[in-house]
Amino acid sequence: MTNDKAKSIFEQFDQRPLLYSYLLLALYFFINAAINASSVWMEHSRSADNQLQLWEPIVWEYSSAISTLLLFPLLFWWFNRYPLQLGDIRRQLLAHLLGSLLFSMLHVGLMVAMRELVYHWQGGNYNFGPILREFFYEYRKDAWGYLSFLVGYRLLLFFYSRLKGEAHQLDSAEESSGAQPIKAPEHFLVKKLDKEFLIRTDDIEWLEASGNYVNLHSKGRIYPLRATLSNTLLQLSSKGFSRIHRSLAVNHNAIDNISYDSSGDGDILLKNGKQLALSRRYKEAFRAALQPD
């Protein structure tokens with residue numbers, strides 16, 4: 001029972017990893033902000049001439065936490081654009097130095113704007129202090145936070161990919177020569193911790209481009225394959241896979257029905273209940289691929 005429950009939780013997380021990751025980050029930052037705010041209040045309360053209102057440290061800490069959470073989608077995009085690699089160290093250093101500066105500027109700007117609004121609402125005035133001095137003070141913390149987020153993000157991706165399994169081609173695809181088509185792999189090998197699993201290509205229902213990976217969707221599970229969607233389709237087209245969107249491809253045998261709207265776009269309903277978008281850019285080629293030879 002316990003294993004089934006844990007498996008169910010992992011599968012739910014696997015379906016919406018970004019959403020659940022963001023909720024966990026929000027929980028962590030809000031708890032951390034509450035602890036920091038109470039610590040600041042307790043420190044000031046020890047003084048007999050304390051002028052600090054209880055709401056002020058709450059505003060300070062939660063404005064910082066909310067600003068950081070709002071910037072995480074931008075940070076994740078930047079981390080994926082400039083991943084940590086062994087080569088081209090200079091380019092990475094420049095990219096992440098610029099990233100840390102931009103992150104700090106946006107973080108401080110959002111944070112101060114929130115504080116100004118709340119203080120104005122309370123009939124007071126928030127004084128940030130000398131801009132250069134205070135920005136340098138904030139940047140030291142933001143730069144360290146940026147580095148921690150970057151390293152933590154890459155480590156979590158690494159361990160998560162190992163935990164849920166990463167797909168590899170089992171059969172070596174043959175390069176095409178002239179009219180000779182590329183041979184489609186019959187199986188993919190998924191390495192998960194200390195075990196290996198075989199995934200039949202025919203059981204893959206649809207493909208989804210995701211950064212440097214193509215997610216293989218099969219029977220409710222997702223297996224990342226390090227490849228591009230275009231190259232993957234070159235190998236799988238003979239297996240009845242067609243591109244239907246800039247970032248999507250579908251297995252013809254997994255389709256239940258297709259509907260079209262007046263704009264020229266459409267929707268594809270799979271037999272498992274999943275609905276995929278059909279772009280009008282790929283509609284004609286997709287319909288042609290469905291026609292029998």
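Author: The chain has an accessible surface of about 18,700 Å², and carbon and sulfur atoms hold 59% of that. Such areas come from the Shrake-Rupley method with a 1.4 Å probe, and for residues only the protein chains shown count as cover. The model is predicted: local features need pLDDT of at least 70 and side-chain atom pairs pLDDT 80 or more, while totals for chains, interfaces and linings use all residues. Numbering runs from 1 along each chain as its sequence is written, and side-chain values use heavy atoms, without hydrogens or water.

Part of the surface is a nonpolar patch of Leu84, Trp144, Leu147, Val151, Leu155, Phe158 and Phe159, with about 720 Å² of accessible area together.

Leu84 sits in the loop between α3 (55-81) and α4 (89-121). Its relative accessibility is 44%, so Leu84 counts as partly exposed; buried means under 20%, exposed over 50%, partly exposed in between (1.4 Å probe, protein chains only).

Lys239 is also a loop residue, between α6 (229-236) and β7 (241-245), but Lys239 counts as buried because its relative accessibility is 16%. Beyond neighbours within four places in sequence, Lys239 is in contact (heavy atoms within 4.5 Å) with Ala184, Pro185, Glu186, Thr201, Asp202 and Asn251.

Methods:
Patches are made of residues with over 30% relative accessible area and no salt bridge: like charges are joined within 9 Å, nonpolar side chains (Val, Leu, Ile, Met, Phe, Trp, Tyr) within 5 Å. A salt bridge is a side-chain nitrogen of Lys or Arg within 4 Å of a carboxyl oxygen of Asp or Glu. Helices (H or I, at least four residues) and strands (E, at least two) are DSSP runs, numbered from the N terminus.
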